[in-house]
Amino acid sequence: MTAIADKPAADRELSAEQARRYATSADRRLKLFNRTCIGVLIAFALLWLVPLAWAVDTSLKPNGETTNPTWKIMEPTLASYRTLLDQGDIINWYAASIITSTLSALGTVVTASLAAFALSRMRFRYRWLVFWFVLIGIMIPNQVLIVPQFRELAAVNLLNTYWAVILPQIPTAIAVFIFKQFFDGLPKDLDEAARIDGAGFWRIYSRVVMPLARPAVSAVAIFTFVWSWNALLWPLLVLTNPKLMTIPVGLATVQGTYGVRYADTMASAILGAIPLVLVFLLFQRRIVEGIAGTGLKG
Amino acid sequence: MASTETTGTAGIARPERAAPTTTQPTLDDTRPPAHRTAMTVERDAGLPGHGRPAMLFLAPFVVLYVLFIIGPAIYGLVMSFFDTSLVKSGLGDFAGLSNYAEAISSRDFWSSLWHTIWFTILTTPPLVIVSFFFALLAERARRARWFFRLAFFLPYVLPSAVVALIWIWLYTPVLGLFTRWAVKLGFTEPNWLGDPNLAMFSLALTTLWWTLGFNFVLYLAGLQDIPRDLYEASSIDGAGPWQQIWRITVPMLRRTTMLVVVLQVIASLKVFDQMYIMTQGGPNFATRSALQYIYDVGFTDFRTGYAAAASTLFFLVVLAVSAVWLVLARRQEPEL
């Protein structure tokens with residue numbers, strides 16, 4: 001009895017040992033594979049950071065030292081930043097960018113969410129017609145409208161005002177669809193309950209639906225803000241007064257005038273990048289979720 | 001209006017509509033369903049009490065939308081048939097199709113359109129393949145994902161002007177970091193932006209660095225949607241990591257890839273900023289994009305009507321691609 005029991009036990013022990021060895025070797029191979037993958041990726045990620053690192057590095061050198069293209073900085077200085085801030089143009093550009101981007105984003109969120117609420121929650125006539133009418137807008141790239149938009153704003157004397165930048169950026173058809181999609185996904189029982197309690201549409205919109213739509217609001221707000229901040233073509237056309245220029249327009253316009261003052265140029269690029277780096281660090285998760293959820297692209 | 005349809009003119013309809021007011025103060029919104037015609041019911045009947053608030057809710061968006069999108073679109077289309085000039089008010093003389101004829105026979109128009117398409121061809125495959133590759137690698141990292149997201153996605157949120165300034169410096173002859181790297185690697189010193197044959201590749205490289213993060217994030221999201229058990233089951237069956245990538249990951253990401261490709265093509269067709277700032281369309285117009293051509297003829301030559309015609313032609317190209325996007329989106333979102 002013991003003899004019979006012993007043999008399979010020894011067998012089993014051997015196979016368990018073997019299995020473990022197999023498992024550990026497969027495991028080790030997989031681990032090695034994963035390690036290699038991550039190693040390669042880290043190398044690429046560092047490579048990806050080179051342009052930004054080099055820009056920061058250059059901006060901290062005195063202008064004269066930039067002709068010596070090494071990473072090491074002999075005399076680190078903030079002189080370039082000081083020069084730019086003293087000149088003051090960049091302060092105006094910041095103001096212009098903050099005002100136009102904030103108002104554009106706010107305008108888009110308000111108008112698009114109201115329209116989307118009507119499309120999602122109200123059963124009015126010709127709803128389908130309004131729906132398709134808005135849909136057309138997704139297919140018209142803003143860039144093909146620059147010529148007529150420019151004449152239109154020139155006709156009402158709005159060129160070289162912030163309004164010329166803000167107003168055309170507010171109606172964003174895609175934002176209506178993002179809100180509508182989100183509103184459609186919210187349970188209707190909530191607003192029906194509110195209706196029974198005697199709430200009108202405005203109350204349902206402002207007290208029930210919008211508070212629940214935070215993710216959609218922040219996605220649309222962040223994206224329209226970033227798009228507006230980064231827009232070049234349109235603000236370049238309508239803002240020719242250096243005092244009113246937004247950051248991208250200002251940077252693109254003065255780009256040639258720095259000449260060989262590379263440290264100053266890089267300092268201006270870094271100053272132009274800082275607000276968006278902050279937006280990115282603050283809202284990283286929301287931005288990434290927003291893209292993944294909607295496939296938004298500027 | 002249902003009641004005007006039942007009678008003849010609006011004038012006659014009025015008393016008929018006014019009649020129920022005695023019992024129903026808000027006649028427009030509380031019209032009984034019997035008044036509605038079959039045709040409107042079929043599409044969307046509309047519930048009583050929804051019409052007026054709907055108008056109010058839609059008004060802010062629709063007014064701005066008509067003023068700044070639909071209106072200009074129609075205005076631009078009209079303008080394209082006239083000899084409109086930027087420096088004169090009014091539409092100018094009727095030109096018929098001559099603006100279109102001129103654009104179609106213009107070498108400059110076609111070469112700028114070709115530059116845009118060439119740029120699209122140069123940027124789309126690497127932006128799709130490299131971002132997929134990076135996302136695959138990043139998925140294996142348990143820790144430090146934030147670092148990869150930072151490295152790859154941060155450039156995407158930067159303004160084009162910032163990106164352009166940094167890359168002009170990297171590409172600067174003699175002093176530029178990339179110029180020196182190229183020399184160290186044994187190449188003859190490249191004139192990144194000044195060589196007509198190289199400039200477009202340099203711009204494509206900049207764009208790869210700048211916008212890769214967007215596709216990277218889309219792919220990371222797509223990868224997370226693949227059920228884990230597929231990998232577990234296949235590894236029990238003895239599949240190695242390479243097999244898993246080719247047999248599971250790539251096929252499962254087909255939909256994401258289609259989305260990424262179409263979005264990328266549309267974005268690349270709209271290229272303007274990089275070229276405008278980094279090369280001003282040069283050297284010798286070798287990198288002038290379609291949008292910059294429109295900008296140049298419209299705002300430097302003041303030929304607004306002609307620029308509008310060129311815009312319309314460009315729009316048709318983008319529309320063709322957008323139509324593909326719509327078909328894809330519709331498949332995912334039935335109501336779109």
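1. Contact between chains A and B. In this predicted model, the contact draws 78 residues from chain A and 76 residues from chain B. On the side of chain B that touches chain A, the largest share comes from helix H4 (residues 51-79) of chain B, which supplies 17 residues. By class, that side of chain B holds 58 nonpolar residues, 10 polar and eight charged.

2. A helix pair within chain A. Two packed helices are described by the angle between their axes and the distance between the axes. For helix H4 (residues 127-139) of chain A and helix H7 (residues 173-185) of chain A, the angle is about 125 degrees and the axes are 7 Å apart.

3. H4(A) contributes A:Val134, A:Gly137 and A:Ile138, which meet A:Ala173, A:Ile174 and A:Val176 of H7(A). Five residues of this contact are nonpolar and one is polar, with no charged residue.

4. B:Trp167. This residue sits in helix H8 (residues 160-171) of chain B. B:Trp167 counts as buried because 27 other C-beta atoms lie within 10 Å, where 20 or more are required. Leaving aside residues up to four places away in sequence, B:Trp167 touches B:Thr206 and B:Met278, and also A:Pro51.

5. A distance from B:Trp167. B:Tyr306 is 139 residues from B:Trp167 along the chain, and 34 Å separates the C-alpha atoms of the two.

Definitions and conventions
Residues numbered from 1 in each chain as written. Chains lettered and ligands numbered in written order. Predicted model: local features only at pLDDT ≥ 70, side-chain atom pairs only at ≥ 80, totals over all residues. Contact = placed C-beta atoms within 7 Å. Helix = DSSP H or I, 4+ residues; strand = E, 2+ residues; numbered from the N terminus. Nonpolar A, V, L, I, M, F, W, Y, C, P; charged D, E, K, R; others polar. Axes fitted to C-alpha atoms, helices over the stretch in contact; angles between N-to-C directions. Buried ≥ 20, exposed ≤ 12 C-beta atoms within 10 Å, placed from the backbone.
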